[in-house]
Amino acid sequence: MSQIKSIIFDWAGTTVDFGCFAPVNVFIDIFREAGIGATIEEAREPMGMLKRDHIEAMLEMPNIQKQWEEAYGRKHSEADIDALYQQFETQLMENLATYTDPLPGVVNTVAQLRNQGYAIGSTTGYTREMMETVSQRAKEKGYEPDVIVTAEDVGDKGRPYPYMIFENMRRLQAQSVSEVVKVGDTTSDMKEAVNSGVTAVGVIQGSSIVGLSENEWANLSDAEKDQYRKKATQVFRENGADYVIDTISELPELLTNIE
């Protein structure tokens with residue numbers, strides 16, 4: 001009998017939205033509208049967290065904090081975080097549906113995993129309302145996990161807290177963390193896995209860490225791809241990844257090797 005019984009996937013950048021672009025562009029836009037110049041790198045660094053927490057993390061970055069104090073003559077407040085988050089939520093909902101295509105290999109790989117007897121769970125940095133749009137569109141395109149857990153289901157304690165994984169385990173009736181593998185594309189995913197005690201797997205292609213679109217990735221030379229792989233692997237490992245794979249399609253073989 002297989003020891004591993006449940007696979008818990010992240011959403012954007014792991015199973016849908018190659019490169020995790022839906023939230024990144026909106027983060028940059030809302031800060032620009034507030035008079036703050038946030039870089040793509042700054043917008044991606046907290047990726048995977050609950051989106052309000054993501055905004056707070058950006059506001060605490062030295063460059064953004066300095067710009068904020070120069071623009072407003074004070075440090076940011078909870079009210080500022082709430083106002084930015086409201087803008088973020090409104091703008092993201094306007095275009096979220098267009099970023100729901102499953103990544104290459106996801107639909108077939110998940111079908112293969114199910115045929116092998118694995119249960120499929122998921123965690124996300126999106127809210128329940130956002131996930132209603134994302135999950136419905138993804139389902140129409142062939143991807144549907146057995147369980148979807150948002151931070152709202154666990155008292156708004158999103159990543160890096162472990163509670164979304166624990167809630168997946170409860171719903172999937174997993175008896176031990178040793179039975180569970182978490183697959184994701186961000187440092188927050190790895191920290192969530194580490195904090196819950198499950199096996200952590202980082203996926204390179206399509207990840208927020210790489211931060212390239214599918215066309216941009218395809219147009220890289222082999223040497224350039226290897227550089228991105230090397231960098232992403234290092235970041236995943238530094239944040240607790242037990243394993244790193246290039247694509248989701250490699251996951252069934254990895255699970256066999258782990259067993």
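Trainee: In this predicted model, which residues of strand 2 (residues 119–122) are buried on one side and which on the other?

Mentor: In a regular strand the side chains alternate between the two faces of the sheet, so the two sides have to be read separately. Both faces of strand 2 are covered in this predicted model. One side carries A119 and G121, and the other, likewise buried, carries I120 and S122.

Trainee: Which residue of strand 2 stands opposite I8?

Mentor: Strand 1 (residues 6–9) pairs with strand 2 over 4 bridges, and the sense of that pairing is parallel. Within strand 2, the residue that stands opposite I8 is G121.

Trainee: Which strands are the edge strands of the sheet?

Mentor: The sheet is open and is formed by 5 strands in the order 2-1-3-4-5, with parallel pairing. An edge strand pairs on one side only, and this applies to strand 2 and strand 5 (243–245).

Trainee: Which residue is the bridge partner of V183 in strand 4?

Mentor: Strand 3 (residues 180–184) and strand 4 (residues 199–203) are joined over 4 bridges in the parallel sense. In strand 4, the partner that V183 meets across a bridge is V201.

Trainee: How is helix 1 oriented to helix 5, and why?

Mentor: Two packed helices are described by the angle between their axes and the distance between the axes. Here the axes of helix 1 (residues 21–33) and helix 5 (residues 78–95) come within 9 Å and cross at roughly 135 degrees. Because an angle of that kind is neither roughly perpendicular, 65 to 115 degrees, nor over 145 degrees, the orientation of helix 1 to helix 5 is oblique.

Trainee: How many residues of the contact of helix 1 with helix 5 are nonpolar, polar and charged?

Mentor: Helix 1 contributes A22, P23, V26, F27, D29, I30, F31 and E33, while helix 5 contributes L84, Q87, F88, Q91 and L92. The residues of this contact divide into 9 nonpolar, 2 polar and 2 charged.

Trainee: Is D10 buried or exposed, and what is its relative accessible area?

Mentor: D10 lies in the loop between strand 1 and helix 1. Leaving aside residues up to four places away in sequence, D10 touches several others, among them T123, R159, K182 and D189. Because the cut-off for buried is under 20%, D10 counts as buried, with a relative accessible area of 3%.

How values were computed
Residues are numbered from 1 along each chain as its sequence is written. This is a predicted model: local features need pLDDT of at least 70, side-chain atom pairs count only at pLDDT 80 or more; totals for chains, interfaces and linings use all residues. Side-chain values use heavy atoms; hydrogens and water are left out. Buried means under 20% relative accessible area, exposed over 50%, partly exposed in between (1.4 Å probe, protein chains only). Helices (H or I, at least four residues) and strands (E, at least two) are DSSP runs, numbered from the N terminus. Two strands pair if DSSP finds at least two bridges between them. Axes are lines fitted to C-alpha atoms, for helices over the stretch in contact, and angles run from 0 to 180 degrees between N-to-C directions. Angles under 35 degrees count as roughly parallel, over 145 as roughly antiparallel, 65 to 115 as roughly perpendicular and the rest as oblique. Contact means heavy atoms within 4.5 Å. Ala, Val, Leu, Ile, Met, Phe, Trp, Tyr, Cys and Pro count as nonpolar, Asp, Glu, Lys and Arg as charged, and the others, Gly among them, as polar.
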